[in-house]
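This report describes selected features of a single protein chain. The sequence and structure are shown first, and the description follows.

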Amino acid sequence: MEIKIGKAADNNYVIDDPEASRYHAVLLVRDGGDLFIEDKNSTNGTFVNDIRIIRKKVRPNDTVSFGLKNTVRVSDILHYENDYSDEFAALKPVYDNYIKEKIKVQSTNQFKTRLFQSLPFAVIGMVGIVLGFMGHTNRWLFVISFVVAVCAPTLGIYLGARQAAKIPAQLQRLANKFKIDYVCPKCGVFLGELPWESLANKKLCQTPTCKAKWVRT
């Protein structure tokens with residue numbers, strides 16, 4: 001694929017800069033994914049990362065200057081049609097994994113909370129009953145059984161509450177990472193917790209200054 005760059009209207013990527021030539025440069029996209037920027041005998045030259053070039057292999061994050069003022073990233077040129085459908089498609093597993101991990105955190109902690117709260121009643125309380133039965137003839141065994149029967153529920157409630165208190169912090173860490181990863185691939189605006197499919201139905205970024213194409217039509 002060849003992306004023509006210059007200030008003439010029939011270029012793929014039009015530069016609105018009087019210092020740029022009408023047909024300034026071309027970005028070559030090879031089948032293997034390699035990228036090359038090539039100057040087309042422009043008046044003021046083409047620069048990659050501030051170094052003037054004739055032809056050079058580049059990466060999406062490299063900066064390219066056309067003439068004296070206009071500087072863009074190679075990735076901006078690649079998206080000259082404002083098409084970010086491939087990058088947007090990559091957000092689906094981000095959303096799916098977030099929901100999966102969120103449910104896992106909630107269900108795992110709820111299970112542990114209930115276990116901590118009920119186990120002392122079921123196990124330690126049973127021990128108290130046994131000791132109490134044996135304590136009919138032993139005063140100290142009776143005292144121990146009484147202490148166990150009183151302390152077991154209290155311990156269970158404490159451990160259960162402590163486990164439940166971990167849930168908000170774990171969910172917050174998960175949400176913080178999600179807010180960084182689940183963003184518009186062009187403008188970087190957080191997309192909220194709307195399902196990926198709902199966003200795909202909108203087809204475009206809803207930020208007025210962005211309007212990146214999320215779904216190729």
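## Helix α5

Arg-173, Lys-177 and Ile-180 are exposed on the other side of α5, exposed meaning over 50% relative accessible area, buried under 20% and partly exposed in between (1.4 Å probe, protein chains only). The buried residues of this helix are Ile-167, Ala-175 and Phe-178. Viewed down the axis of α5, these buried residues fall within an arc of 60°, so they line one face of the helix; the arc is that of the directions from the helix axis to the C-beta atoms. An α-helix has 3.6 residues a turn, so residues three or four places apart point the same way.

Helix α5 covers residues 166-181, and its 16 residues reach 23 Å from the first C-alpha to the last, close to the 22 Å expected at 1.5 Å a residue. The expected span is 1.5 Å times one less than the number of residues. Helices (H or I, at least four residues) and strands (E, at least two) are DSSP runs numbered from the N terminus.

## Basis of the model

The model is predicted: local features need pLDDT of at least 70, side-chain atom pairs count only at pLDDT 80 or more, and totals for chains, interfaces and linings use all residues. Residues are numbered from 1 along each chain as its sequence is written, and side-chain values use heavy atoms, with hydrogens and water left out.

## Aromatic pairs

The count comes to 7 aromatic pairs. Rings of Phe, Tyr and Trp (its six-membered ring) pair if their centres lie within 6.5 Å; planes under 30 degrees apart count as stacked, over 60 as edge-to-face and the rest as tilted. Phe-88 and Trp-196 form a stacked pair, with 5.1 Å centre to centre and 20° between the planes. This pair links distant parts of the chain, Phe-88 being in helix α2 and Trp-196 in helix α6 (residues 196-202), 108 residues apart. Both Phe-88 and Trp-196 are buried.

Phe-88 also forms a stacked pair with Trp-214, at 4.8 Å centre to centre and 5° between the planes. Because Phe-88 lies in helix α2 and Trp-214 in the segment after α6, the pair ties together parts that are 126 residues apart in sequence. Both Phe-88 and Trp-214 are buried. Elsewhere, ring pairs link Tyr-95, Tyr-98, Phe-178, Tyr-182 and Phe-190 into a cluster.

## The largest pocket

The largest pocket holds about 230 Å³ of space. On a 1 Å grid over the protein atoms alone, a pocket is an open set of points where a 1.4 Å probe fits, with protein on both sides within 12 Å along at least five of seven lines, and lining residues have an atom within 4 Å of a point. The volume is the space filled by probe spheres set on the points, which are joined across faces, edges and corners.

Among the lining residues are Met-1, Tyr-80, Asp-86 and Arg-216. Helix α2 (residues 85-89) gives the largest share of the lining, 3 residues. By class, the lining has 3 nonpolar, 3 polar and 5 charged residues; Ala, Val, Leu, Ile, Met, Phe, Trp, Tyr, Cys and Pro count as nonpolar, Asp, Glu, Lys and Arg as charged, and the others, Gly among them, as polar.

## Individual backbone positions

Lys-203 has a positive phi of about 70° although it is not a glycine, and lies in the segment after α6. Lys-211 is also in the segment after α6, with a positive phi near 55°.
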